[in-house]
Amino acid sequence: MTTESLVPAAELQRNLPMQHQQQTLTLEQETNPWEAQAYRFDLAARKLKLDQGIWKVLRYPTRELIVHIPVCMDNGTIEVFTGYRVQHSVARGPGKGGIRYAPDVSLDEVRALASWMTWKCAVVNIPFGGAKGGVICDPKRMSQGELERMTRRYTAELIEFIGPEKDVPAPDMNTNEQTMAWIMDTYSMHMRQTVTSVVTGKPVNIGGSRGRREATGRGISVCCDEALKHLNLPVQGCRVIIQGFGNVGSNAAKLLAEKGYTIIGIAEFDGGLFNDRGIDIPNLLSHRARTGSVTGFSGAEPAEPHQLLTQPCDILIPAATENVITSQNAAQLQCRILCEGANGPTTVAADDILEQKGVFVIPDILANAGGVTASYFEWVQDRMGYFWTEEEVNQRLDRIMTDSFQDVISYSTSHDVNNRIAAYMLAIDRVAYTTKQRGIYA
Ligand code: NAD
C-alpha cells in the first residue's frame, strides 16, 4: 500500500515568497517546523541573493512517500500505521536522515527534518543529501514483536526508495540500534545479500561504527569548547543545564562532565533535577539504568522540568524535541550560550528575542551534526569493509566539528548575520553550487 503524495507541489507553492520582500511571521510559522524551516531558508536565501530558480528547487522536498503499514498485533488484531519518508535533496549524495516513531509524527515535521538534514550535511561538508522518516505510533505501548513487524513492513514498503546510493536511514527519537538491525536485515533479505551500508547507527558487530552512539553528544561537547574559546570563557566553572536525557542529552552530559563542565540541571519528561554544585553524571546514569527514570536520584534536588530552562546557567542544551524555546519563554532564558542538541528546539519568533538578548546560539544544523558525521564514517567503513578504532573515529569527528564551527563563525562575521542564518547561508551556498553544476535534468 504505497502512494506517492500528490499534494506537495500545489500545497507548498502557496508559500512561495516574493524575492527581496519582507515576510511577516504567522502563528503557523511559530509552531509548524516546516514553516519555520522555510522561513529561515527564505531569510538566508534572500541574504545570499539566491537565483530565483534554484531557490524554488531547494525550497521543496524532491520526493515524499506516504505508506500505510498493516501489522498483526500480539492480540490477533490487525492495525494499520501511517509512515513517511521524505527526501528533501539528493544533489550532494544519497539522502541521509533518521526515522522516528511517535504518536505526533506529521508530514510537515518529517519535511522539516528532511530539509534540516540537507543543510546539516552541507554545513559539515559530507557527501549526503537530506532525508527523514517517521511512523505515527506509540512505541511505549507496543511490544518488541509488534515493533519488529512494523519496522520490517515499513522497510518493505520503502524498499525501492532506500539503499546505500539512494537514501540511508538512521535512528532518531524512539528508534535505536535494534531498529536499524531489523531494517538492515529486511533490506538484505530482499536483495538476497547482506547490505550493511543501507542504514547507519547499527550495532557494532553488524557493521556499526565505534563511537557512533556517543557521536552527537561528542559533537555538542566540541561546539561548547569552541564557543567558550570564541567568547573567551573558561571551561572550569562553566554551568550547564540539559533538557532530555536520551541518547543526545545523556552522552553530551557525560562528555561535558568529563571535560570539567558542571552539569547543574537535567530536565526530563517525568521530572527534573537540580544541584548547584554539579550532578554526578555516571551515578545518574547508573540510577536511570536501575530505575528507568532520572527522578528519585539522591544526588540532586527535584525540580520542575519547564522551569529549568529559564534558570541561570552558562550553557543551555535543549536535547529533547522541537519548539521548546518559543516567544512564550525566550525572554526569560538566563543562559549565555544556547547549544541546540535537538532538531528545531527554537521557534522563529524566539530567534529574534534571543538575538536581542545577546545569547550566543549554536544552531541545531551545526551543534548536533556529530551524529550524521559519524554515520558518514559508518557508511564509509561498511563500503570499505574495514573498521576504524574509536580513537580514529573521534579524532576525525573532532576535526570536522571544529572546522565546521569555525566555518559558521567566519560566515557570520563576513556576512554580518547571526550564527543560525550563517549556518543556513553556508549550507544553501554549497547545495546551490552543486545543484547548478549538475544542472536541471529534463
Ligand atoms: P531519545 O529518544 O534517545 O531521547 C530524547 C529524550 O528526551 C527522552 O529521554 C525523552 O524522555 C526526553 N524528552 C522528550 N520530550 C521532552 C520534554 N518535552 N521535556 C523533557 N524531556 C523530554 O532521542 P535522541 O536521539 O536523544 O534525540 C533527541 C533530539 O536530538 C531529537 O530532536 C533528535 O531529532 C535530535 N538528534 C538526535 C541525533 C542522534 O544521533 N540520536 C542526532 C541529531 C539530532
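Colleague: Which hand does the crossing of H8 and H9 have?

Modeller: This is a predicted model, and in it the crossing of H8 and H9 is right-handed. The general idea is to look at how the near helix is turned from the far one: clockwise counts as right-handed.

Colleague: At roughly what angle do the axes of H8 and H9 cross?

Modeller: Helix H8 covers residues 212–231 and helix H9 covers residues 247–259; their axes cross at roughly 50° and come within 7 Å.

Colleague: Which residues make the contact between H8 and H9?

Modeller: On the H8 side they include Arg213, Thr216, Ile220 and Cys224, and on the H9 side they include Asn247, Val248, Ala252 and Leu255. Sorted by class, the contact of H8 with H9 has seven nonpolar, five polar and five charged residues.

Colleague: How do I read the polar atoms around the ligand?

Modeller: Look for pairs of N or O atoms within 3.5 Å. Threonine 216 places a polar side-chain atom 2.7 Å from an oxygen atom of the ligand. For asparagine 343, an N or O atom of the side chain is 2.8 Å from a ligand oxygen atom. Asparagine 247 takes part through its backbone, where a polar atom is 3.0 Å from an oxygen atom of the ligand.

Colleague: What is the angle between H6 and H7?

Modeller: Helix H6 (residues 144–157) packs against helix H7 (residues 177–191) at an angle of about 45°, and their axes are 9 Å apart. H6 and H7 are therefore oblique to each other. The crossing of H6 and H7 is right-handed. Among the contact residues are Leu147, Glu148 and Thr151 of H6, with Trp182, Ile183 and His190 of H7. By class the contact of H6 with H7 divides into five nonpolar, seven polar and three charged residues.

Colleague: How are H3 and H4 arranged, roughly parallel or roughly antiparallel?

Modeller: Helix H3 (residues 33–48) and helix H4 (residues 52–59) pack at about 160°, with axes 11 Å apart. Because an angle over 145 degrees counts as roughly antiparallel, H3 is roughly antiparallel to H4. The crossing of H3 and H4 is right-handed. Trp34, Ala38, Phe41, Asp42, Ala45 and Arg46 of H3 meet Trp55, Leu58 and Arg59 of H4. Six nonpolar, no polar and three charged residues form this contact.

Note on methods
Residues are numbered from 1 along each chain as its sequence is written. This is a predicted model: local features need pLDDT of at least 70, side-chain atom pairs count only at pLDDT 80 or more; totals for chains, interfaces and linings use all residues. Side-chain values use heavy atoms; hydrogens and water are left out. Axes are lines fitted to C-alpha atoms, for helices over the stretch in contact, and angles run from 0 to 180 degrees between N-to-C directions. Helices (H or I, at least four residues) and strands (E, at least two) are DSSP runs, numbered from the N terminus. Angles under 35 degrees count as roughly parallel, over 145 as roughly antiparallel, 65 to 115 as roughly perpendicular and the rest as oblique. Contact means heavy atoms within 4.5 Å. Ala, Val, Leu, Ile, Met, Phe, Trp, Tyr, Cys and Pro count as nonpolar, Asp, Glu, Lys and Arg as charged, and the others, Gly among them, as polar. A polar contact is a pair of N or O atoms within 3.5 Å; within protein, one must be able to donate a hydrogen and the other to accept it, and residues adjacent in sequence count only if both atoms are side-chain atoms.
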